[in-house]
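Here is my note on this model, point by point. Please read it with the coordinates open.

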Amino acid sequence: MSRAGRRIPLLATTAAVALALGLTAAAAAPPAAATGTVSARTTAAQTAAARTTAAQTAAARTSAARTSAARTAAAQTSAAQTSAARTAATKTAAAKTASADAAGSVTRSRAAGGLRRPAARGVLRIRGQLRDGGIVRASGLRWRPGRLRRGERLLSFEVSYRWRACARRGGGCRRAADKTATPFAARHYIVGHRDTGMHLRLVETAAAVVETDATNFTFRIIRDSVSYTTRGTVRAFRPGRRPVTEFVNGLPERRTGSAEEYFEVDRPHYDSADGRPVQRYRIDGGAWRALPGKRVFYAGHLGVGRHRVAVRTANRAGATTLRFSWRVVPLRAPVPCRRPAGQSCWYPPHLDSRHHPMRWDWQIGRVTPLQRTGASAVDIYDIDGFLTTRREVRQIRTTWQASTLAHPKAVCYLDLAWEDYRPDASPSPRGSYFPAAALGKVYYGYPQERWVDFRQLDELKPMLRERIGMCARKGFDAVELDDIDSFDPASTTGFHLTPGDAQNYLAYAFNLVHRRGMTVLWKNTPGLAWWGVRYTDGAVVEECYVYHECFASWQRGTRQDGITCSKLTGRTPCGWDVFTADRTASQPTGKWVGEAEYAQDHYVCDPGAACRHKRDFATFCRRVYAPPDGFAAVKFDVDLDGKTFYPCPKGR
């Protein structure tokens with residue numbers, strides 16, 4: 001993936017098969033229980049397997065991010081509107097549950113084409129208190145992946161939960177009142193005030209992502225869904241009871257290096273006869289303030305120490321106060337790259353031995369790296385960390401031709417968002433690396449990818465350690481961490497993350513890369529480049545020319561991520577020349593920056609084509625590549641599959 005919103009059609013999916021499911025059901029249960037009927041169904045869109053190749057996945061990830069809507073004229077003048085924002089962790093609660101039973105049977109047809117759908121055991125039920133403010137949960141089903149055929153490999157397996165409120169049992173449904181943004185953690189549901197008088201419907205979906213051809217990295221996604229609708233309707237909140245609410249979509253850890261936080265509060269639970277509640281909040285014992293209409297409030301910039309927030313919900317029945325406290329600790333300081341005695345880290349230099357920006361190629365859309373030779377040779381290959389083998393990395397570093405080095409260096413591409421086609425992607429409780437409550441909204445319309453709640457650092461440390469360790473074991477020289485800007489804008493991910501949340505997460509991740517003996521590259525995110533240059537050893541940036549963002553002088557005076565962009569020598573410069581101008585003992589010519597423009601933007605022309613001045617390839621190179629603090633600029637195809645490669649200054 002890349003910066004928020006780049007346009008690209010999804011090349012990934014073609015319908016392979018649809019499972020036709022049928023059902024007969026009958027139900028009976030005690031009157032006080034949450035009872036209902038079971039149905040099982042799938043649609044071609046839900047259960048049809050998706051074939052994807054690495055060129056269609058990694059490429060879609062890397063280029064899906066900039067839609068034309070997200071990159072408007074305003075985005076050209078302020079990179080604050082370029083990126084993505086916050087995702088959500090589910091609210092959790094404990095409550096008494098009332099047992100509910102419903103008898104029924106599910107009849108399914110065989111999957112066409114020999115595909116084996118996920119298998120469910122048991123009968124789906126909704127158990128709990130079917131009342132405003134009550135807690136209900138999915139119960140009765142256990143899923144497992146379908147049996148694999150020879151040569152197939154299960155990449156991930158996940159179960160999601162979708163709650164609906166229905167005017168009648170047969171239809172008239174809408175999204176239920178709960179605002180939880182984490183479908184894999186939504187097994188429990190807090191019944192909302194707007195659900196009163198409605199039937200609750202639960203759709204439980206299992207998805208298996210199966211690799212069918214390792215050579216081309218072809219995989220299929222096979223889904224199966226079962227639904228259950230309660231017979232009874234949601235009862236009203238008890239009259240005379242004080243109204244209540246809860247935090248939703250995650251909280252900061254009890255100890256965090258982030259100095260700023262958002263909090264989201266659910267709609268109140270109350271009896272209408274007692275009047276609509278008024279909600280107010282306060283921070284650190286300060287004045288009470290009216291809760292904003294979207295029920296999200298900002299705690300401000302906080303100092304080191306203990307902090308607390310409180311939310312008061314009141315009507316004629318009385319008032320309740322919701323509280324949370326946490327401690328802000330100093331942010332981790334940068335640590336240098338270290339390797340075993342006698343070995344040294346490779347720091348990507350701004351300039352090669354010919355005093356030009358060091359040449360690179362970006363091939364994360366390929367399964368097998370493609371060697372550039374002759375005049376097209378490069379010194380740096382940025383390639384997929386999962387798909388590239390240890391043997392291929394060794395070949396690049398020991399036998400391939402380079403432009404100015406003895407042999408090229410290899411950069412390990414890792415995405416900090418969640419991708420269901422990675423072998424470690426199964427959410428908890430099945431998997432060990434991605435907590436279900438940390439996986440939020442879909443990444444810009446790509447259902448195979450979701451934003452991750454950076455606040456949950458302790459829960460995500462095992463994933464970071466394993467992935468970065470994989471890069472080290474394969475022998476990579478450096479690591480590129482993508483999608484580091486999920487705080488911009490705040491509403492994108494569902495978690496309402498802040499730049500401070502990203503800094504807390506990234507400081508740990510960058511230091512971990514250095515501790516494993518590799519250098520690390522910053523990715524996009526101009527509003528924090530002034531901070532990131534302290535922790536990283538170079539950068540990769542996309543489309544800074546077409547959006548006029550490359551250099552600090554181009555962005556000076558714009559407002560983004562809570563700061564005003566300064567000149568290069570100021571406190572908060574936003575251009576990527578903050579890297580190339582950062583000369584250190586390890587990088588005396590500055591830190592390397594690779595810049596990518598895309599053919600699909602129809603802006604930078606091919607070399608030799610007759611174009612208007614700004615779009616002319618030579619003009620592009622003169623403005624981005626040639627300045628003293630310029631970048632290794634290349635025009636690629638968005639698939640990043642090696643087919644389009646026009647590096648400055650001559651396009652070869």
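1. Start with K523. Its relative accessibility is 1%, so K523 counts as buried. The model is predicted, and that applies to every point below. K523 carries a charge that is paired inside the protein: D482 forms a salt bridge with K523, with the closest N and O atoms 3.0 Å apart. D482 lies in strand β26 and K523 in strand β27, so this pair ties together parts that are 41 residues apart in sequence. D482 is itself buried, at a relative accessible area of 1%.

2. K523 has another partner. A salt bridge joins K523 to E480, and here the closest N and O atoms are 2.8 Å apart. K523 sits in strand β27 (residues 519-523) and E480 in strand β26 (residues 478-482), so the pair links parts 43 residues apart in sequence. K523 and E480 are both buried.

3. Are the two residues buried or exposed? R422 has a relative accessible area of 3%, so it is buried, the cut-off being under 20%. E419 has a relative accessibility of 1%, so E419 counts as buried too. For the whole model, the count comes to 18 salt bridges.

4. Next, E543. Its phi is positive, about 60°, although E543 is not a glycine. Most residues other than glycine have a negative phi, and most peptide bonds are trans. That makes the backbone here worth a look. E543 is placed in the loop between β28 (538-542) and α8 (552-555). At 0% relative accessibility, E543 counts as buried.

5. Phi of R295 is near 60°, a positive value in a residue other than glycine. R295 lies in the loop between β16 (289-290) and β17 (296-298).

6. Where are the cis peptide bonds to check? One runs from S428 to P429, with omega near 10°. P429 is in the loop between β23 (418-419) and β24 (439-443). Another cis peptide bond joins D488 and P489, with omega about -5°. P489 is found in the loop between β26 and α6.

7. A437 and V452 are 15 residues apart along the chain, and their C-alpha atoms are separated by 9.1 Å.

8. A377 lies in the loop between β20 (360-362) and β21 (380-384). With a relative accessible area of 1%, A377 is buried. The C-alpha atoms of A377 and H407 are separated by 10.0 Å, and the two residues are 30 residues apart along the chain.

9. Now the nonpolar packing. In soluble globular proteins, nonpolar side chains tend to be buried together. The largest nonpolar core in this model holds 89 residues. Which members touch the most other members? They are W362 and W522. Helix α6 (residues 499-515) supplies the largest share of this core, nine residues.

10. Last, the surface. R116, R121, R142, R144, R147 and R187 form a positive surface patch. R116 is found in the loop between β3 (104-108) and β4 (119-121). How exposed is R116? Its relative accessible area is 36%, so R116 is partly exposed.

Technical notes. Residues numbered from 1 in each chain as written. Predicted model: local features only at pLDDT ≥ 70, side-chain atom pairs only at ≥ 80, totals over all residues. Heavy atoms only, no water. Core = buried A, V, L, I, M, F, W, Y, C linked by side-chain atoms within 4.5 Å. Buried < 20%, exposed > 50% of the residue type's maximum accessible area, 1.4 Å probe, protein only. Helix = DSSP H or I, 4+ residues; strand = E, 2+ residues; numbered from the N terminus. Patch = residues over 30% accessible without salt bridge, like charges linked within 9 Å, V, L, I, M, F, W, Y side chains within 5 Å. Areas by Shrake-Rupley, 256 points an atom, 1.4 Å probe, with all protein chains shown as cover. Salt bridge = Lys/Arg side-chain N within 4 Å of Asp/Glu carboxyl O. Lys, Arg positive; Asp, Glu negative; His and termini not counted. Charge placed at Lys NZ, Arg CZ, Asp CG, Glu CD.
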